[in-house]
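Here are my notes on the model, as numbered points. Please read them with the structure open.

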Amino acid sequence: MIRINVKKASGDNSLIMAVSKFESAVTAVIDGKEYNVKSIMSSVIINSADSLDLVINGPDENQAADALKNLFSS
């Protein structure tokens, strides 16, 4: 399991598109509540967050973590 802190969500669906490429589960933790990042239903809450933790768990979690770090560093 890998945890990444993100200071500002991107405000669009780029996060959902990025994680959909990976088998690993990606969960956003916002104010203690967990949201499935791959779910379009969670996108409104995730995109409006000022900061969140992403928890990545699965067989390709290292690759997913690298992709997410790149997404939020740009």
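Predicted model: local features only at pLDDT ≥ 70, side-chain atom pairs only at ≥ 80, totals over all residues.

1. Start with the contacts of Ala28. Leaving out residues up to four places away in sequence, Ala28 touches Lys33, Glu34, Tyr35, Val37, Ile46, Leu52, Asp53 and Leu54. The residue sits in strand S2, which covers residues 25-30. Ala28 is buried, and its relative accessible area is 0%.

2. Every value below is computed from it.

3. Now the overall layout. The protein chain has three helices and four strands. Read from the N terminus, the order is β-α-β-β-α-β-α. The radius of gyration is 11 Å, close to the 11 Å that the globule rule gives for 74 residues, so the protein chain is as compact as a globular protein of that length. The C-alpha trace spans about 30 × 25 × 20 Å along its principal axes.

4. Next, burial and contacts across the chain. Of the 74 residues, 42% count as buried. Take the contacts between residues at least 6 apart in sequence: 67% of them join residues at least 24 apart. The accessible surface comes to about 4400 Å², and carbon and sulfur atoms account for 50% of that.

5. Which side chains meet in a salt bridge? They are those of Arg3 and Asp53, at 3.1 Å from N to O. Arg3 belongs to strand S1 (residues 2-6) and Asp53 to strand S4 (residues 52-57), so the pair ties together parts that are 50 residues apart in sequence. The total for the model is one salt bridge. Arg3 counts as exposed, at 52% relative accessibility. Its partner Asp53 is also among the residues that Ala28 touches.

6. Charges as a whole. The protein chain carries 7 positive and 9 negative charges. The mean positions of the two sets are 4 Å apart.

7. Asp60 deserves a look. It is found in the loop between S4 and helix H3 (61-73). Asp60 is buried yet has no salt bridge. How far away is the nearest side chain of opposite charge? That side chain is Lys38, and it is 6.7 Å away. Apart from neighbours within four places in sequence, Asp60 is in contact with Phe22, Glu23 and Ser24.

8. Check the backbone at Asp31. Most residues other than glycine have a negative phi. Asp31 is not a glycine, although its phi is positive, at about 50 degrees. The residue lies in the loop between S2 and strand S3 (33-36). Is Asp31 buried or exposed? It is exposed, with a relative accessible area of 77%.

9. Last, Ile16 in helix H1, which covers residues 14-19. Ile16 has a relative accessible area of 15%, and the cut-off for buried is under 20%. It therefore counts as buried. Beyond residues up to four places away in sequence, Ile16 touches Val37, Lys38, Ser39, Ile40 and Ser43. Val37 is also on the contact list of Ala28. The C-alpha atoms of Ile16 and Val26 are separated by 9.5 Å, and the two residues are 10 apart along the chain.

Conventions:
Residues numbered from 1 in each chain as written. Heavy atoms only, no water. Helix = DSSP H or I, 4+ residues; strand = E, 2+ residues; numbered from the N terminus. Rg over C-alpha atoms; globule rule 2.2 N^0.38 Å. Buried < 20%, exposed > 50% of the residue type's maximum accessible area, 1.4 Å probe, protein only. Contact = heavy atoms within 4.5 Å. Areas by Shrake-Rupley, 256 points an atom, 1.4 Å probe, with all protein chains shown as cover. Lys, Arg positive; Asp, Glu negative; His and termini not counted. Charge placed at Lys NZ, Arg CZ, Asp CG, Glu CD. Salt bridge = Lys/Arg side-chain N within 4 Å of Asp/Glu carboxyl O.
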